[in-house]
Amino acid sequence: MATVNVTDSSFQSDVLQSDKPVLVDFWADWCGPCKMIAPALEEISDELADQVTIAKMDIMDNPETPGSLGVQGIPYLALYKGGEKVAELTGARPKSQLKAWLEGEL
C-alpha cells in the first residue's frame, strides 16, 4: 500500500480515528532530508501495509495541524495509535533505522 496524503481537514478521520496505527510524515517540498527518506517510507509502507498506514502531510499546504501539534523541524515522524501520539522521530535516517524504529513501536 502506498503512502496516503493527509490534510488539515482529513487529519481527524485519517489519523486520529483510524483503527490501525498511522505514521505521519510531516514534510515540505523544499526539505532535502524529507525527499531523502520519501522512497524509504514508500517501501516501508508496502512492507508493513498490514500493520501500519504511512501518511504524509505537507506542512506548507496544511499549516494548521503541524502548528497545533508543535512541529518544530522536519522531517518529523509521529506514530499515532488509537488517536494518541505514542512515538516521534525528527530528522532523516536510513531505511533500516526507520523500519527498525517503527517496528519497535508497533
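Here is a walk through the structure above, from the overall fold down to a few single residues.

Please keep in mind that this is a predicted model, in which local features need pLDDT of at least 70, side-chain atom pairs count only at pLDDT 80 or more, and totals for chains, interfaces and linings use all residues. Residues are numbered from 1 along each chain as its sequence is written, and side-chain values use heavy atoms, with hydrogens and water left out.

Let us begin with the fold. The chain has four helices and five strands; here helices (H or I, at least four residues) and strands (E, at least two) are DSSP runs, numbered from the N terminus.

Next, the overall dimensions. The C-alpha trace spans about 30 × 30 × 20 Å along its principal axes. For 106 residues, a compact globule would have a radius of gyration near 13 Å, and the chain agrees with this at 12 Å. That radius is taken over C-alpha atoms, and the globule rule is 2.2 Å times the number of residues to the power 0.38. Of the contacts with a separation of 6 or more, 73% are between residues 24 or more positions apart, where contact means heavy atoms within 4.5 Å.

Now for the surface. Of the 106 residues, 44% count as buried (under 20% relative accessible area; exposed is over 50% and partly exposed in between, with a 1.4 Å probe and protein chains only). The chain exposes about 5400 Å², and carbon and sulfur atoms supply 50% of that area; the areas come from the Shrake-Rupley method with a 1.4 Å probe, and for residues, only the protein chains shown count as cover.

With that in hand, take a look at the loop between β1 (4-5) and α1 (11-16), where you will find S10. S10 counts as buried because its relative accessibility is 14%. Its side chain reaches the backbone nitrogen of T7 at 2.9 Å.

D8 has its place in the loop between β1 and α1 too, and at 21% relative accessibility D8 counts as partly exposed. Leaving aside neighbours within four places in sequence, D8 is in contact with M57, N62, P63, E64, T65 and P66.

Finally, visit strand β5 (residues 84-90), which includes E84. At 54% relative accessibility, E84 counts as exposed. The C-alpha atoms of E84 and S9 are separated by 18 Å, and the two residues are 75 residues apart along the chain.

Note on methods. A polar contact is a pair of N or O atoms within 3.5 Å; within protein, one must be able to donate a hydrogen and the other to accept it, and residues adjacent in sequence count only if both atoms are side-chain atoms.
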